[in-house]
Amino acid sequence: MDGRILVAHHDGVYLMKFTGDVRVTLCTTVDSFLDSMFSDSLFKSVIVDLSEAECIDSTSLGILAKLSIQAQSRFDYLPVLVSTNPDITRVLKSMGFEDVFQLIEDKIENAEQLGELPKITCSDNDIRLRVIEAHRILMEMNENNRATFHNLVEMLEAAS
Amino acid sequence: MTILLIQPEHDSSVIQSLEFLAEMDDVLAVSGLPSARRILHTDSAEFILFYCSTARAFTLCETLIVEFPDIPVAALLPTQEFSQDALRDALRIGLEDVIELGTQASPSLEEVISRLKKRIHRRHAHRAPPASLPDEHARQLEHDQRSGSYVQSQMLPVTPITIGAYRMSHKVLPTLYMSGDFVDYFRITDDFVLFYMADVSGHGAGSAFVTVMLKNFLDQISKTCTPAMLDEPGVMLSQLNKALLGNRLDKHVSMFLGVVDLENHILNYSNAGHFPHGILVDLNGSQFIEMNGKPVGLFENVSYASAKLELGDDSQLVLVSDGILEFLPGEDLVAKEMALLDKVTRAKQQKLEIWELFDLAEILGASDDISFLTVTRTG
């Protein structure tokens, strides 16, 4: 299956989803996405979802590292990384990514699994619940229902 | 030039018997593999005719197939060596044809070669030209890539080589021409040898440039390193991490770095996210020496752990890059890792290099660079 990086956002809540066999040759598009996301005045939270990824290449791992570095430096926040494929999780752990993400190895089924949200959202419980709800909706996005989310979704990279 | 004929270096009777071929208009005859490689790095050939005294010499053809995957290679084999087994080996290696020499049977050798030439021509004619590049431009690009590949291959250490009581060997197979994988080993002081395997993110020319910088950095660090750094190679990785981040190359490197104490037979090592983990083969069998760590060139202020282990008589350390995983049997990563351990054990038992247990012709189609490095205690 061709690899893709899909992104969706709603009210400052972002989802970055890697699907298939992701091999990135140039990451300028992804870089500008990361810049625009972290410059978004409404930014509240980001989840990276690898649960539909079959394989990710070293350049993609570099992208994840940049995302974590910026989330930590700008918002003092360890982003959530969902990795349900044990093969990918093993590689992530061998590279020490456990220290730079909140690594979730099971499918997200309830809000508690989302872990710690950025400090800016934690002060207000209503906002926190809205963020969780937005993530819940965004996480339902996949290759097949992408059209339903068309106004939220951009495809950053398509590669084979 | 159309055909490159590779003759043996010192066998004058063979050279004489091939004279009629060497004198053909579109044939350039050279003696020995090194001369052939030098020519192929600056000029292309439509195909290569390689004289092999026995079928065992097919392995030399294989090195050309690996290095110049676009040029078909046919072997010239004396008739007494010609057999079903030889043909099978030739097929496995990916030879275009095996031409029997010294037989009286028709068709004649000229006819066989002319047919081979036509077959290759037809294939070239059917191959679609590059979509957007004019021929000359594409040729120039290919030429540049070949030159780059040649320079990079010259940066790799001699293989195999023995330093003290240790034998080191390696094989690096790029996806196309230049590789983001790199290996090196050299003596730092009388008592210590440093070795590493590095995998730069991405592949091709961009990643190959980083391997040049990496080699330069490790050559420098080896000249200035302290006894404490030899004891804890993780410190070298921390310094390399700083250097790479300072250069803003937007490339990171996963690498395994080891220092062998030649006198006391101790391996000091550190790992910056290299995967699969290093494999130690000794009397207890093969096992991964697992150590997690962040790749260098990604995160600031990373400190790298160091560990040590004793290298018993006849023990061996094997490193492979992750590109090989594609060619290991198994449904998941754990199964592939087990298959790798099994191959490493078998290679050691059969006194073969680990890469000899893989089908190198198949590996040529890999989507990632592949490399192997072994360090074996021999005494």
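**Close-up views of a predicted model**

**View 1. Cysteines without disulfides.** Across all chains of this predicted model, a search of the whole structure turns up zero disulfides. A disulfide is a covalent bond between the sulfur atoms of two cysteines. Cys55(A) counts as partly exposed, because its relative accessibility is 33%. Cys225(B) has 16% relative accessibility, so it counts as buried; the cut-off for buried is under 20%.

View 2. An α-helix has 3.6 residues a turn, so residues three or four places apart point the same way.

View 3. At the start, Asn85(A) places a side-chain oxygen within 2.9 Å of the backbone nitrogen of Asp87(A). Gly96(A) follows the helix. The phi of Gly96(A) is positive, near 70°.

**View 4. The open sheet of chain B.** Five strands line up in the order 2-1-3-4-5, with parallel pairing. Strand 2 (27-31) and strand 5 (97-101) stand at the edges. Each has a single partner strand, so one side of each is left without a neighbour in the sheet. From one strand to the next, the twist averages 25°.

**View 5. Strands 3 and 4 of chain B.** Strand 3 (residues 47-51) and strand 4 (residues 73-78) run parallel, joined by four bridges. Tyr51(B) has Leu76(B), in strand 4, as its bridge partner.

Notes: Residues numbered from 1 in each chain as written. Chains lettered and ligands numbered in written order. Predicted model: local features only at pLDDT ≥ 70, side-chain atom pairs only at ≥ 80, totals over all residues. Heavy atoms only, no water. Polar contact = N/O pair within 3.5 Å; in protein donor to acceptor, adjacent residues only side chain to side chain. Helix = DSSP H or I, 4+ residues; strand = E, 2+ residues; numbered from the N terminus. Disulfide = S-S within 2.5 Å. Buried < 20%, exposed > 50% of the residue type's maximum accessible area, 1.4 Å probe, protein only. Pairing = 2+ DSSP bridges. Axes fitted to C-alpha atoms, helices over the stretch in contact; angles between N-to-C directions.
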